[in-house]
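Dear colleague,

Please find below the structure that I am handing over to you. My findings follow it.

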Amino acid sequence: MFDPVAPIRFENAVAGWNRTIKGSRNALNGAVDQDDENAKGPEIDYRIPMFNLSLGEHGEIGVEYWVLARSLGKDGKASNNRPSRAFVDEAKPIVFTHNGQNQGELSGRIVKKDADLPFLQAQGRLIVHVSCDRLAPAAKRKLFSSTREQWKEGFVYETIQAEIVNILKSDDELRRLNEEARDQSLKDKDESAKKQIQRQVAKMLRLVGPALAEAAGTKKEGGGDPPKPKLGPKKLPEPIETHEPPTFIRIVADEDEPIEFHAGQRRYLRIETDANSDYHDPDDPKKSRLNVAVGDDLEVFGTSPLSGGRMRIGVRAKADVAIGTKGSVRVELYRPGASALSDERDYRIVESPKPKEGENQTAFPQFELIPVDGPNDENWMYVTGEADDRDVKRHASGAQMTEGTLYVYYSTAFPRFQNEKRRLEATNPALAHSYQRRYELWLAVHALLKHDDEMMTEVDEDTEAAQELKRQERCRLGVVAAMMASQEVNSGVALEDDQAAA
């Protein structure tokens with residue numbers, strides 16, 4: 001049980017031991033066994049307490065989530081252990097409960113792709129809990145099966161899943177932690193070597209089409225390197241010092257432009273204030289000193305807790321709103337014995353976005369290649385997807401897409417690659433270096449083409465069979481890449497290319 005109503009005491013009189021089952025949620029919130037003096041709760045890097053979101057006629061859901069600290073080995077370095085596995089199925093870190101009992105889980109694909117937090121998912125650090133206690137009876141019947149063995153997919157299921165994605169994507173701290181996890185996984189690289197392989201990849205992709213080569217990293221007309229993707233926040237947000245009484249409240253938005261909504265859209269507006277957390281209770285407006293006023297075209301469907309001077313307000317545009325309508329969003333903070341604080345931003349209703357012209361054309365992202373030195377490397381999980389699988393023969397490479405960049409991790413312990421590299425190092429270290437570069441080249445081309453294919457087609461990657469097929473394909477590609485790289489090095493093609501690129 002993820003969230004039992006009360007702890008369960010299990011006593012084994014035969015073997016002479018006992019165990020307290022307190023539930024994963026209680027453990028994540030710091031609960032420990034009373035008879036264990038050395039016990040301590042898990043290290044948490046970030047936590048959002050439970051808050052409720054309205055789903056209209058379907059009732060409400062409660063959402064909370066934790067980001068666990070990265071696991072460290074005895075040497076103080078990052079380990080391959082995923083901390084979430086002690087509390088949930090690491091492959092399904094989004095847990096739904098009803099009256100404390102597990103009713104189902106969502107795949108980590110939601111975190112990895114839809115919420116664009118692949119590195120937190122790969123490290124097994126994010127856990128999301130969705131409480132369905134306040135769903136309307138009709139919504140519960142549409143969502144849960146009587147046996148609790150599987151979901152009933154439909155409108156309620158899709159609505160909740162979309163809401164979870166919106167919540168995670170709107171959290172700047174999650175983006176920062178994901179960027180931090182990404183930076184931890186990268187190794188120092190020679191910038192000139194990086195540009196050289198990008199040019200060589202673009203050259204090979206010209207066989208597919210000139211537009212692809214440009215997208216893969218070639219220079220555009222007029223000179224200059226292609227623009228790098230704009231990454232999310234990397235630095236920890238400046239702490240907001242609280243005051244009593246508070247002195248300000250503001251809506252974080254572009255002051256020069258109104259906030260845009262289209263019909264039916266749900267957005268999260270960020271709020272900053274120097275008020276302490278007692279000023280807002282997300283589950284009981286009567287206890288809250290914060291008020292949100294929106295125009296007739298909008299409605300508030302939920303708020304997050306006020307923590308560290310920051311919170312989010314969920315605002316939805318009504319489905320029948322007219323395009324061009326304008327209004328304002330206003331937040332007010334009431335202070336005992338003092339005048340109220342407020343901030344206001346204009347909004348406007350715009351046309352629903354249409355697919356961009358040429359959106360269906362193939363376009364390859366920027367990419368990074370990261371060598372991984374076998375199962376003991378902290379990045380091994382990015383190659384395998386399963387940190388426990390330490391068989392170097394089974395895994396050649398893996399890829400993670402985030403913020404417009406495809407990160408390709410490849411195992412330098414993959415036998416076909418390693419054996420040929422060692423043979424070349426024994427005879428000519430320069431050829432061994434060139435061989436590794438050519439191997440990276442072929443892996444990059446394959447990863448870019450495969451990513452494009454996945455974007456253009458619906459692929460069910462949640463099944464074990466699908467994952468196994470992808471693993472086998474990467475291994476076959478690793479063998480082919482090793483063969484092509486070896487042939488090019490031995491024939492002199494690689495040397496000619498390196499000299500031309502230099």
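This is a predicted model: local features need pLDDT of at least 70, side-chain atom pairs count only at pLDDT 80 or more; totals for chains, interfaces and linings use all residues.

Residues are numbered from 1 along each chain as its sequence is written, and side-chain values use heavy atoms, with hydrogens and water left out.

A nonpolar core here is a set of buried Ala, Val, Leu, Ile, Met, Phe, Trp, Tyr and Cys residues joined through side-chain atoms within 4.5 Å; buried means under 20% relative accessible area (1.4 Å probe, protein chains only). The largest such core has 37 residues, and those with the most contacts inside it include Tyr65, Ile94 and Leu168. Among the elements that each supply at least two residues of this core are strand S3 (44-54), helix H2 (109-114) and helix H5 (155-169); helices (H or I, at least four residues) and strands (E, at least two) are DSSP runs, numbered from the N terminus. H5 gives the largest share, seven residues. A second, separate core of 26 residues includes Val201, Leu369, Leu406 and Leu424.

Strand S16 (residues 366-372) has six of its seven residues buried. Seven bridges join S16 to strand S18 (residues 405-411), and the two run parallel; strands pair if DSSP finds at least two bridges between them. Glu368 stands opposite Tyr407 in S18.

A search of the whole structure finds zero disulfides (pairs of cysteine sulfur atoms within 2.5 Å). Cys132 is buried, at 0% relative accessible area, and Cys475 is buried at 11%.

Yours sincerely

Notes:
Buried means under 20% relative accessible area, exposed over 50%, partly exposed in between (1.4 Å probe, protein chains only).
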